[in-house]
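Q: I am new to this structure. Please show me how to read its features one at a time.

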Amino acid sequence: MIISLVKLAHRDSFDPSTVSSAVKVYGLLPQINTLMPKVIAKIRQEAPNLKVSLDSAPKRHFDALVAGDVHFALSSHQPPSSEQNIYRMVVAKRTFRLLMNRYHPLADLDLTPESLAEFDFGQVSLQGEKRLSFEHEYQELELANKKSVYQRQCN
């Protein structure tokens, strides 16, 4: 794994036990906290002198990657269509959670598509997205068509 990381970042062959270059990774804290501890533990085992730099400052997820400031970006977002030359691979699946106040009318009910359809949803966005990140799940449950999800979310 370490050989692959450094080859991807530096395109060199090397001996992992002696490499002392740096690999820079961008990701928000949820991704960094979830994925990087195991990666860093493996790096420390195979390449103890490899420097790992983590950037978790909230910003547009792919800007630093496109600018060459980081080697990897951990993100649940898709790159913009103008950046389709970015190589992507799935490293984990993300699941969504429905959070509500304990006094919300749905808190004591079995959640069904019909009961959910009566209420509006929101999300926290660090990049100012206008679309709900769980919109496709919302549509698969046939809760609303694309237009109504967007209109509800923007109101």
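A: Contact means heavy atoms within 4.5 Å. In this predicted model, residues 24 or more positions apart account for 54% of the contacts in the chain with a separation of 6 or more.

Q: Which rules apply to the numbering and the values?
A: Numbering starts from 1 along each chain as its sequence is written, and side-chain values use heavy atoms, with hydrogens and water left out. Local features need pLDDT of at least 70, side-chain atom pairs count only at pLDDT 80 or more, and totals for chains, interfaces and linings use all residues.

Q: What does the chain average in pLDDT?
A: pLDDT is the predictor's confidence in each residue, from 0 to 100. The chain averages 77, and 70% of the residues score at least 70. Over residues 146-155 pLDDT stays under 50.

Q: Which residues form the largest nonpolar core?
A: In soluble globular proteins, nonpolar side chains tend to be buried together. A nonpolar core is a set of buried (under 20% relative accessible area, 1.4 Å probe, protein chains only) Ala, Val, Leu, Ile, Met, Phe, Trp, Tyr and Cys residues joined through side-chain atoms within 4.5 Å. Here the largest has nine residues: Val 19, Val 23, Val 25, Ile 32, Met 36, Ile 43, Ala 47, Leu 50 and Leu 74.

Q: Is His 61 buried or exposed?
A: His 61 is buried, at a relative accessible area of 2%. Of the 155 residues in the chain, buried ones make up 23%.

Methods: Buried means under 20% relative accessible area, exposed over 50%, partly exposed in between (1.4 Å probe, protein chains only).
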